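Here is a short briefing for someone opening this model for the first time. Keep the sequence and the 3D view side by side as you read.

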Amino acid sequence: MPRETATEKLIRMTEIERSLLADEGVSSIAGIDEVGRGPLAGPVVTACVSIPLSKLVPGVDDSKKLSEKKREALYPLLLENAEYARTSWMEPSVIDEINILSATKRAMEECAAGFTGGMILVDAVDGLKLPVPHRSIIRGDALCYMIAAASVVAKVERDRYMIQLAEEYPQYGFERNKGYGTAEHIRAIRKYGPCPAHRMSFIKHFL
């Protein structure tokens, strides 16, 4: 089977957006995604991104499918071409207080608060209070360009933060595990105890 070209991928990844723009006459479309719901440490980060179809950046995909080098290359191009791009962070203390799903929803609502376009596509989260009509799409980061773009922006910002955090707390290997529950990370928690970046509600079984 021939490999998908960059142009073919752009067409595939924007099918939902183009359909909405044509059939429902919305003015513009944004995507929302989150990064960091599962880690034991660090914030959950959400992004809301809207890019005109005339300014699409090739190579965008679900951030989990892209290398760190590719995500870093895409990040400035996405921000440069976006008509709207905003991130929101929920710190571990908030996650512990209201739970990870509620924290994720709050962050999604915050990052989208200034969007005044036509519609927002959200990756697999319902029950949001957003400023414009929205739709939740299962596996949206793999199917929708705007959601994928949001996933890249959120991923780059969170990873950069976790690398910085590793300088303050080098014993946990945050620059490698980005706060996720690797064997190395869990061993460090058991040896050194938690730091302020840890989600206490996530690590109680390791203490």
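This is a predicted model: local features need pLDDT of at least 70, side-chain atom pairs count only at pLDDT 80 or more; totals for chains, interfaces and linings use all residues.

The largest pocket has a volume of about 150 Å³. The largest cavity holds about 40 Å³ of space.

**Helices H1 and H2**

- Helix H1 covers residues 6-13, and helix H2 covers residues 15-23.
- Their axes come within 4 Å of each other and cross at roughly 55°.
- That angle makes H1 oblique to H2.
- On the H1 side, the contact is made by Ile-11, Arg-12 and Met-13. On the H2 side, Glu-15, Glu-17 and Arg-18 take part.
- By class, the residues of this contact are two nonpolar and four charged, with no polar ones.

**The largest pocket**

- The lining of the largest pocket includes Asp-33, Glu-34, Val-35 and Gly-36.
- Ser-63, Lys-64, Asp-123, Asp-141, Lys-155 and Tyr-180 also line this pocket.
- Strand S1, residues 29-35, gives the most to the lining, with three residues.

**The largest cavity**

- The model has one cavity of 30 Å³ or more.
- Its lining is made up of Glu-68, Arg-71, Glu-72, Lys-155, Val-156, Asp-159 and Arg-160.
- Helix H3 (68-81) and helix H7 (145-168) each supply at least two of the lining residues.
- H7 gives the most, with four residues.
- The cavity lining counts six charged residues and one nonpolar residue, but no polar ones.
- Lys-155 is named in the lining of the largest cavity and is also named in the lining of the largest pocket.

- Ile-189 lies in helix H9, which spans residues 183-192.
- Ile-189 counts as buried because its relative accessibility is 1%, under the 20% cut-off.
- Leaving aside residues up to four places away in sequence, Ile-189 touches Leu-40, Tyr-172, His-198, Ile-203, Phe-206 and Leu-207.
- Ile-189 and Tyr-172 are 17 residues apart along the chain, and their C-alpha atoms are separated by 7.3 Å.
- Leu-101 lies in helix H5, residues 100-112.
- At 37% relative accessibility, Leu-101 counts as partly exposed.
- Leu-101 and Val-44 are 57 residues apart in sequence. Their C-alpha atoms are 9.9 Å apart in space.

- Most residues other than glycine have a negative phi.
- Ala-124 is found in the loop between strand S4 (119-123) and strand S5 (134-137).
- Ala-124 is partly exposed, with a relative accessible area of 39%.
- Lys-178 lies in the loop between helix H8 (174-177) and H9.
- Lys-178 counts as buried, since its relative accessibility is 11% and the cut-off for buried is under 20%.

Key: Residues are numbered from 1 along each chain as its sequence is written. Side-chain values use heavy atoms; hydrogens and water are left out. Axes are lines fitted to C-alpha atoms, for helices over the stretch in contact, and angles run from 0 to 180 degrees between N-to-C directions. Angles under 35 degrees count as roughly parallel, over 145 as roughly antiparallel, 65 to 115 as roughly perpendicular and the rest as oblique. Contact means heavy atoms within 4.5 Å. Ala, Val, Leu, Ile, Met, Phe, Trp, Tyr, Cys and Pro count as nonpolar, Asp, Glu, Lys and Arg as charged, and the others, Gly among them, as polar. On a 1 Å grid over the protein atoms alone, a cavity is a set of points where a 1.4 Å probe fits but cannot get out, and a pocket is an open set with protein on both sides within 12 Å along at least five of seven lines; lining residues have an atom within 4 Å of a point. Grid points are joined across faces, edges and corners, and a volume is the space filled by probe spheres set on the points. Buried means under 20% relative accessible area, exposed over 50%, partly exposed in between (1.4 Å probe, protein chains only).
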